[in-house]
Amino acid sequence: MADHVCDVAIVGFGPSGAVAATLLGQAGLDVWVADRLPEVYEIPRAIALDHEIMRVFQQMGVVQAIEPYFEPFTPSEFYGVDGQLIRRMTMVAPPYPQGYTPSLVFTQPPVEQALRARVAQLPNVQVALSTEVQSVEQDADGARLDIRRADGSTGQVRARWVLACDGGGSGVRGQLGVNLHDLDFDEPWLVVDVRVNAKGLEKLPKTSVQYCEPERPCTFVIGPGNHRRWEISLKPGEDPKEAATPERTWQLLSRWLSPEDGELWRQSSYRFHALVAQQWRVGRVFLAGDAAHMQPPFLGQGMCQGVRDVANLCWKLVAVLRNQVPAAAVDALLNSYGEERAAHVRELTTRIKGVGAVICERDVHKARERDARLLAECGGVVRDTPRQDVLPALTTGLIKSSPGAGTLFPQPWLLVNGQRVRMDDVLGNGWRLVLMGQAEVRPPSVLTEALALRVATFQAGDWQEADGVVQAWFARHGVTAALVRPDNYVYGTASGPDDTAVLLQSLAQALSL
């Protein structure tokens with residue numbers, strides 16, 4: 001007999017697991033989540049997030065709690081062989097399309113604490129810390145998890161669905177026999193976090209820097225407050241363990257700082273990989289976060305990708321568990337998670353590797369050619385390249401081919417009773433049909449009843465935005481209607497009432513409604 005029976009069991013209570021527990025718990029599902037550690041890991045690993053993830057945090061109701069630990073990401077300047085500027089990566093210009101600063105740096109431990117505090121407010125989510133999931137056995141109706149607690153006691157949990165967020169060394173993935181596909185990136189690096197004092201801060205660059213130097217490529221990131229991070233590539237033959245000793249770490253930092261300029265917070269040697277799971281779903285079990293993929297850190301997308309995973313999956317699990325879709329549509333909807341996320345992860349990893357190739361060229365002659373090529377491409381004047389331009393759209397899965405489909409729909413600031421309010425706080429986070437400058441369409445009742453689809457019309461007297469963000473989006477894509485999914489991605493677009501009716505009908509068919 002199981003000790004606990006739930007709708008969804010989550011293995012791993014890092015950021016991805018905590019976000020999943022909140023999204024599922026807020027939807028009223030019975031959730032159980034376990035982590036083998038007794039508390040939040042106290043050393044930062046992720047350092048960067050973007051506005052898409054902040055919008056998920058908004059949905060969770062944690063933005064106010066975590067804002068003190070965030071700062072805008074400074075531009076990243078790339079310097080070539082001879083110390084010349086060859087590229088600059090920045091943010092998109094305001095007005096910001098998602099309602100938040102597009103690129104952010106943050107301090108991970110207190111943010112994770114805030115995510116867990118939010119989970120603790122949900123009475124239908126049970127958290128088991130210092131608890132290891134030893135095995136997962138599936139049958140037609142669900143799965144049984146055998147667990148062992150820190151005191152040596154054992155137990156069982158019964159769940160209808162299981163979500164494995166248990167990290168790069170995922171034990172669940174290993175049990176399932178899922179292999180990782182190698183996307184051909186494998187390099188040794190030293191990651192160093194320093195709390196820098198006032199004297200040290202005066203010595204450091206005032207922007208983040210990519211040193212694209214063949215001798216030793218490295219990255220400098222300005223974190224929140226006095227937190228500064230270096231990612232320093234290791235040369236062939238260098239001992240990763242020795243590099244991570246305080247003495248050797250300070251030697252490698254000597255170009256910038258000496259020990260009296262701050263204190264080491266963390267120094268760890270890693271192999272940066274590019275890996276993606278060959279399957280994201282096996283029966284009743286899904287992989288997410290580092291359990292499903294790992295990518296090089298050059299655009300700070302690691303934690304973002306894990307949150308994207310669970311934001312994509314959770315609304316689909318909710319739809320299934322609440323019987324919002326008929327049995328005939330369940331497998332296609334749940335399989336779309338892996339289709340969409342695997343393709344997105346592969347494409348983004350390819351683009352991140354492209355950024356890494358610029359940074360990591362070890363051949364001096366080829367590096368000079370790279371510098372000359374990048375400068376020639378911009379006519380000798382380095383222009384700002386928004387980091388967000390590197391992020392791909394969804395290209396497969398529950399998407400209807402049309403202008404703007406698969407991209408994130410913007411979140412404008414609305415004017416409500418003279419106050420600026422973000423759209424999601426007014427319209428919610430379910431299925432939304434957003435119209436611009438066209439007569440309102442009456443959606444099929446099957447969509448409003450099964451999916452609680454809401455309609456928002458941006459035109460005189462109804463919804464008024466403060467900065468023209470949505471208006472510009474519709475103009476750019478040449479459409480008048482957008483059907484937006486619960487994860488804020490655009491299912492499809494249309495122009496005019498007849499085309500919009502066809503769009504709505506296609507969603508009803510896709511979900512077998």
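Is Asp487 buried or exposed in this predicted model, and what is its relative accessible area? Asp487 is buried, with a relative accessible area of 9%, where buried means under 20% relative accessible area, exposed over 50%, and partly exposed in between, computed with a 1.4 Å probe on protein chains only.

The model is predicted, so that local features need pLDDT of at least 70 and side-chain atom pairs count only at pLDDT 80 or more, while totals for chains, interfaces and linings use all residues. Residues are numbered from 1 along each chain as its sequence is written, and side-chain values use heavy atoms, with hydrogens and water left out.

**View 1. Asp487 lies in the loop between strand 25 (481-484) and strand 26 (490-494).** Strands here are DSSP runs (E, at least two residues), as helices are DSSP runs (H or I, at least four residues), and both are numbered from the N terminus. The side chain of Asp487 makes a polar contact with the side chain of Trp315 at 3.2 Å, and another with the side chain of Arg485 at 2.8 Å. A polar contact is a pair of N or O atoms within 3.5 Å; within protein, one must be able to donate a hydrogen and the other to accept it, and residues adjacent in sequence count only if both atoms are side-chain atoms. Not counting residues up to four places away in sequence, Asp487 touches Ala311, Asn312, Trp315 and Leu408, contact meaning heavy atoms within 4.5 Å.

**View 2. Trp32 is among the residues with the most contacts inside the largest nonpolar core.** That core has 120 residues, and Ile10, Phe57 and Leu145 are listed with Trp32 as having the most contacts inside it. A nonpolar core is a set of buried Ala, Val, Leu, Ile, Met, Phe, Trp, Tyr and Cys residues joined through side-chain atoms within 4.5 Å. Leaving aside neighbours within four places in sequence, Trp32 is in contact with residues including His4, Cys6, Ile10, Gln126, Thr131, Leu145 and Val157. A second, separate core of 20 residues includes Val194, Ile222, Trp230 and Ala243.

**View 3. Helix 1 (residues 15-26) is mostly covered, with eleven of its twelve residues buried.** The helix reaches 16 Å from its first C-alpha to its last, close to the 16 Å expected at 1.5 Å a residue; the expected span is 1.5 Å times one less than the number of residues. Among the buried residues of helix 1 are Pro15, Val19, Leu23 and Gly25. Helix 1 is followed by Gly28, whose phi is positive, near 90°.

**View 4. Nine strands form an open sheet of mixed pairing, in the order 19-16-12-15-14-13-5-6-20.** Strand 19 (293-294) and strand 20 (384-386) stand at the edges, each with a single partner strand, so one side of each is left without a neighbour in the sheet. Two strands pair if DSSP finds at least two bridges between them. Strand 12 (residues 180-196) runs antiparallel to strand 15 (residues 227-233), and seven bridges join them; here Asp193 stands opposite Arg229, and the bridge partner of Val192 is Trp230. Strand 12 also pairs in the antiparallel sense with strand 16 (residues 262-277), over 14 bridges, with Leu180 opposite Ala277.

**View 5. Glu77 is placed in strand 5 (residues 76-79).** Glu77 counts as buried, at 15% relative accessibility. Its side chain makes polar contacts with the side chain of Tyr79 at 2.6 Å and with the side chain of Arg88 at 3.4 Å. Leaving aside neighbours within four places in sequence, Glu77 is in contact with Leu85, Arg87, Arg88, Thr207, Ser208, Val209 and Gln210.

**View 6. Cys212 is in no disulfide, and the nearest cysteine sulfur is that of Cys360.** The structure holds zero disulfides, a disulfide being a pair of cysteine sulfur atoms within 2.5 Å. The sulfur of Cys360 is 8.2 Å from that of Cys212, which is too far for a bond. Cys212 counts as buried at 0% relative accessibility, and Cys360 counts as buried at 11%.

**View 7. Val364 is found in helix 11 (residues 364-377).** Val364 is partly exposed, with a relative accessible area of 40%. Leaving aside neighbours within four places in sequence, Val364 is in contact with Val81 and Pro214. Val364 and Leu503 are 139 residues apart in sequence and 54 Å apart in space, C-alpha to C-alpha.
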